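Please walk me through the metal and ligand sites of this protein.

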Amino acid sequence: MSGGHATGPGAQGAGTPPGELGARVMGWADELAGATETPGALTVTFCSEAHAAAAGTLLGWMRDSGFDEAHIDPVGNVVGRYRAGRAGARQLLTGSHYDTVRDGGRYDGRLGILAPMAAVGELSRRGERLAHDVVVIGFSDEEGVRFGSTFLGSSAVVGRFDRRLLERRDGSGVSMREAMLAAGLSPERIGEAAMSATDTIGYVEIHIEQGPVLLERRLALGAVTAINGAVRLMIELHGESGHAGTTPMPVRHDAACAAAELVLQVEARCAGVPGLVGTCGILETPGGSVNVIPGRCRVSVDVRAPDDAVRDAALADIRAGLEAIAARRGVRFDVERILEAGATAVDPALKALWLDVIRELGQPPFELASGAGHDAICLAGFCPMAMLFVRCGNGGVSHSPDETMTAEDADLAARAFLAYVRHTSRREEGR
Ligand code: HGY
Ligand code: MN
Ligand code: MN
């Protein structure tokens with residue numbers, strides 16, 4: 001490529017009027033939310049019919065937006081490539097996940113696919129080619145709702161998919177392998193989803209903040225400094241089932257009562273420590289009945305902190321507390337560690353570029369940590385990584401149907417990505 005970063009007949013043409021990219025992103029997000037497993041709510045879990053429908057819709061939009069190649073890879077990632085204006089170019093990766101939690105919001109994950117798609121659409125419309133490829137990836141599973149796993153899509157892209165997970169079963173007894181085959185995916189070919197790190201400049205992810213920090217400061221955008229570390233446990237308590245009417249209170253070994261104590265203990269241990277958070281999001285008495293003392297109870301524990309040592313100290317105390325509860329109540333327990341992710345720093349140079357872009361868009365530069373996990377954690381060990389957060393409305397609520405954001409902020413997000421890749425392109429030209 002010679003001269004400036006932009007090439008092609010439309011390169012000097014007028015940009016899309018302010019607001020149009022944001023309107024496109026919001027329209028796409030609304031339409032994508034029509035694919036769901038639960039009428040009246042948005043639920044898209046790995047390999048469901050709604051999941052396949054969402055992937056197909058994204059694929060069609062990528063093709064319509066002017067990506068040169070788009071496909072669904074063996075693990076269900078939707079991958080679109082907008083080629084550089086020169087041969088042998090490296091690639092900049094971006095994206096986020098299109099799966100959702102149960103009854104989730106329509107921007108969590110999806111904004112990070114749709115905003116770059118709108119930006120690529122703009123490049124294509126203008127005939128503007130960069131000095132590197134732009135690859136937008138809609139990751140197939142980040143939330144891990146169906147199989148209690150996480151990063152299924154992104155781990156495959158970085159060549160670290162754990163094949164043992166294929167034998168894991170969902171709540172209905174369907175294995176991941178069976179679910180993938182039924183959805184037309186290819187568990188035996190997951191290795192083909194892996195990309196080459198040597199050809200990769202970096203991975204940048206746009207995501208809604210999922211918290212109130214930007215909203216409270218009246219800021220639309222913020223550059224992420226680091227992603228908090230998390231550990232997730234699935235604990236099964238085994239007590240003794242018995243008759244709810246005839247078993248005297250002092251002789252019971254009620255697994256649900258032990259779980260209730262555990263939940264309150266997690267709350268007490270994590271409250272008051274800055275940055276430390278603990279949640280028991282799953283609390284079940286499998287096969288429970290109204291007139292039976294629960295003999296079994298399953299509890300999940302999710303503990304996160306910006307500092308892994310703070311998180312691990314809390315987990316050690318929670319474990320000791322659980323042992324005491326179990327001994328006092330005469331119940332047993334098993335603990336399965338289903339996730340361990342260390343606190344993840346971003347690449348300073350890629351973060352600085354987000355701050356430059358925020359300034360160029362007339363916004364005050366601002367940095368904040370991420371309390372939520374993201375596909376970016378998985379990509380961080382593979383290539384330089386950075387993230388841009390976009391303001392959430394409604395007090396910052398997310399993982400909820402009340403999650404919201406504005407079209408103006410979606411427009412800024414798409415324009416931020418456009419500005420970002422023009423910068424990375426100029427840098428690439430100078431290599
Ligand atoms: O749970 C999380 O942090 C993410 O939203 N998956
Ligand atoms: Mn989420
Ligand atoms: Mn997310």
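Predicted model: local features only at pLDDT ≥ 70, side-chain atom pairs only at ≥ 80, totals over all residues.

Residues are numbered from 1 along each chain as its sequence is written, chains are lettered from A and ligands numbered from 1 in the order in which they are written, and side-chain values use heavy atoms, with hydrogens and water left out.

Start with the manganese ion (ligand 3). H97 (NE2), D108 (OD) and H207 (NE2) coordinate this ion at 2.0 to 2.2 Å. Donors here are N, O and S atoms within 2.8 Å of the metal (3.2 Å for Na, K and Ca); water is not among the atoms, so sites may look incomplete. Along the chain, the donors of ligand 3 follow the spacing H-x10-D-x98-H. H97 sits in strand β3 (residues 91-97) and H207 in strand β5 (residues 200-208), so the pair ties together parts that are 110 residues apart in sequence. Strands (E, at least two residues) and helices (H or I, at least four) are DSSP runs, numbered from the N terminus.

Now the manganese ion (ligand 2). Its protein donors are D108 (OD), E143 (OE) and H399 (NE2), lying 2.1 Å from it. Their spacing along the chain is D-x34-E-x255-H. D108 bridges the two manganese ions, ligand 2 and ligand 3, which lie 3.4 Å apart. D108 is in the loop between β3 and α3 (111-126), and E143 in the loop between β4 (133-139) and α4 (152-157), so the pair ties together parts that are 35 residues apart in sequence.

Turn to ligand 1. Around it are E142, E143, R232, R304, A372, G373 and H399, each with a heavy atom within 4 Å. A polar side-chain atom of E142 lies 2.9 Å from a nitrogen atom of ligand 1. An N or O atom in the E143 side chain is 2.9 Å from a nitrogen atom of ligand 1. For R232, a side-chain N or O atom is 3.0 Å from an oxygen atom of ligand 1.

Notes:
Polar contact = N/O pair within 3.5 Å; in protein donor to acceptor, adjacent residues only side chain to side chain.
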